[in-house]
Amino acid sequence: TCSGWQQTKHWGRADGYRLPQEIMGRTLGIIGYGAIGRAIAQRAVGFGLEILAADVNPTMEAPYVDEVWPITRLHEM
């Protein structure tokens, strides 16, 4: 797998670049939850992702996301 390549110092990007991976159950982080961020989240909901957003003005009522964090928590994302 790709994670083993780093340990063996294998940097063949072309070898692993197009390996299919399951995204269901993974986390998507969206930086900025304006119109574009909402549109991305709306489309991502159908893929079974946990969706987090970081925004300058976080609100509790944000459609499509599990949580909206203040931008000060961006490093945690």
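The protein in this predicted model has three helices and three strands. Going along the sequence, the pattern reads α-α-β-α-β-β. There are 77 residues, and 22% of them count as buried.

I'll start with the sheet. It is an open sheet of three strands, in the order β1-β2-β3, and the pairing is parallel. At the edges sit β1, residues 27-31, and β3, residues 67-70, each of which pairs on one side only. From one strand to the next, the twist averages 25°. Between β1 and β2, which run parallel, there are five bridges. For a landmark on your screen, find Leu28: it stands opposite Ile51 in β2. Helix α3 packs on the sheet and touches both β1 and β2. The direction of α3 makes about 165° with that of β1.

Next, the core. Which residues make up the largest nonpolar core? There are 10 in all: Ile30, Tyr33, Ala41, Ala44, Leu49, Ile51, Ala53, Ala62, Val65 and Val68. Two of the elements that each supply at least two residues of this core are α3, at 35-44, and β2, at 50-55. As a general point, nonpolar side chains in soluble globular proteins tend to be buried together.

Take Val65 as one member of that core. If we leave aside neighbours within four places in sequence, Val65 is in contact with Tyr33, Ala41, Ile51 and Ala53.

Where does Tyr33 lie? It is in the loop between β1 and α3. Is Tyr33 buried or exposed? Its relative accessible area is 5%, and the cut-off for buried is under 20%, so Tyr33 counts as buried. Not counting residues up to four places away in sequence, Tyr33 touches Arg38, Ala41, Ala53, Ala54, Asp55, Ala62, Pro63, Tyr64, Val65 and Val68. Of these, look again at Val65, whose own contacts include Tyr33.

Now to Trp69. Tyr33 and Trp69 are 36 residues apart in sequence, and their C-alpha atoms are 9.9 Å apart in space. How many aromatic pairs does a search of the whole structure find? The number is zero. What Trp69 does have is Arg73 over the face of its ring, at 3.9 Å from the ring centre.

One last number, for the whole protein. Take the contacts between residues at least 6 apart in sequence: 25% of them join residues at least 24 apart.

How values were computed
Residues numbered from 1 in each chain as written. Predicted model: local features only at pLDDT ≥ 70, side-chain atom pairs only at ≥ 80, totals over all residues. Heavy atoms only, no water. Phe/Tyr/Trp six-rings, centres within 6.5 Å; stacked < 30°, edge-to-face > 60°. Lys NZ or Arg CZ within 6 Å of the ring centre and 35° of its normal. Core = buried A, V, L, I, M, F, W, Y, C linked by side-chain atoms within 4.5 Å. Buried < 20%, exposed > 50% of the residue type's maximum accessible area, 1.4 Å probe, protein only. Helix = DSSP H or I, 4+ residues; strand = E, 2+ residues; numbered from the N terminus. Contact = heavy atoms within 4.5 Å. Pairing = 2+ DSSP bridges. Axes fitted to C-alpha atoms, helices over the stretch in contact; angles between N-to-C directions.
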